[in-house]
Amino acid sequence: MQDCFTETIVNKLDSKGRVSIPAAYRQVLARQETEGVFFLKAVSGEPALTGFGNAVLAQMREQLKSFNPIFSKGYATRAHAIFGQARHLAFDDEGRIRLPDDLIAHLGIQDRVAFVGLGDTFEVWNPDTLAAVEQVRLAEARSLFDASGGES
């Protein structure tokens, strides 16, 4: 049984802004007792969304416990970036979510949505934008492997 987000899957965005979250992703979210899914605009500033469930939310809360919530400037900065920006989107009966118009614009999507599994989280991209990002990431991964002294 899969307990993390894997694969890259492209689904259709309908005219009402609805997209089906991949079934395997919904299963991971359900095992985390997450009703729906949480999204943040990518903290990197890229035109992507970071998706996650209750497990990552709990992990972020735990990491913030080392900061004083009243007197630590670091607390508000981190908490705002996560909790102040997170959007919870509910599933309909068919496992779809309605992407808000501002998130559709942020992604620059028209009719297709790419989901990229990253283990504990996943990303959402315009498939056309993702192609170049994927090339860069895989090239960087190969250079990391080569730098580690691994055999080609």
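1. In this predicted model, Gly117 stands opposite Phe122 in strand S8, and this pair belongs to the antiparallel pairing of S7 with S8 (residues 122-125), which extends over four bridges.

2. Helix H1, covering residues 23-31, packs on the sheet and touches S1, S3 (37-41), S4 (49-52), S7 and S8, while its direction makes about 55 degrees with that of S7.

3. The sheet itself is open and has six strands in the order S1-S7-S8-S4-S3-S5, with antiparallel pairing. Its edge strands are S1 and S5 (87-89), each of which pairs on one side only, and from one strand to the next the twist averages 30 degrees.

4. Strand S1 (residues 8-12) has a covered face, formed by Ile9 and Asn11, and an uncovered face with Thr8, Val10 and Lys12. In a regular strand, side chains alternate between the two faces of the sheet.

5. Asn11, which lies in strand S1, deserves a separate look. Leaving aside neighbours within four places in sequence, Asn11 is in contact with Val19, Ser20, Ile21, Pro22, Asp111, Arg112, Val113 and Phe115, and the side chain of Asn11 reaches the backbone oxygen of Ser20 at 2.6 Å. By contrast, the C-alpha atoms of Asn11 and Ala76, which are 65 residues apart along the chain, are separated by 36 Å.

Notes:
Residues numbered from 1 in each chain as written. Predicted model: local features only at pLDDT ≥ 70, side-chain atom pairs only at ≥ 80, totals over all residues. Heavy atoms only, no water. Buried < 20%, exposed > 50% of the residue type's maximum accessible area, 1.4 Å probe, protein only. Helix = DSSP H or I, 4+ residues; strand = E, 2+ residues; numbered from the N terminus. Contact = heavy atoms within 4.5 Å. Polar contact = N/O pair within 3.5 Å; in protein donor to acceptor, adjacent residues only side chain to side chain. Pairing = 2+ DSSP bridges. Axes fitted to C-alpha atoms, helices over the stretch in contact; angles between N-to-C directions.
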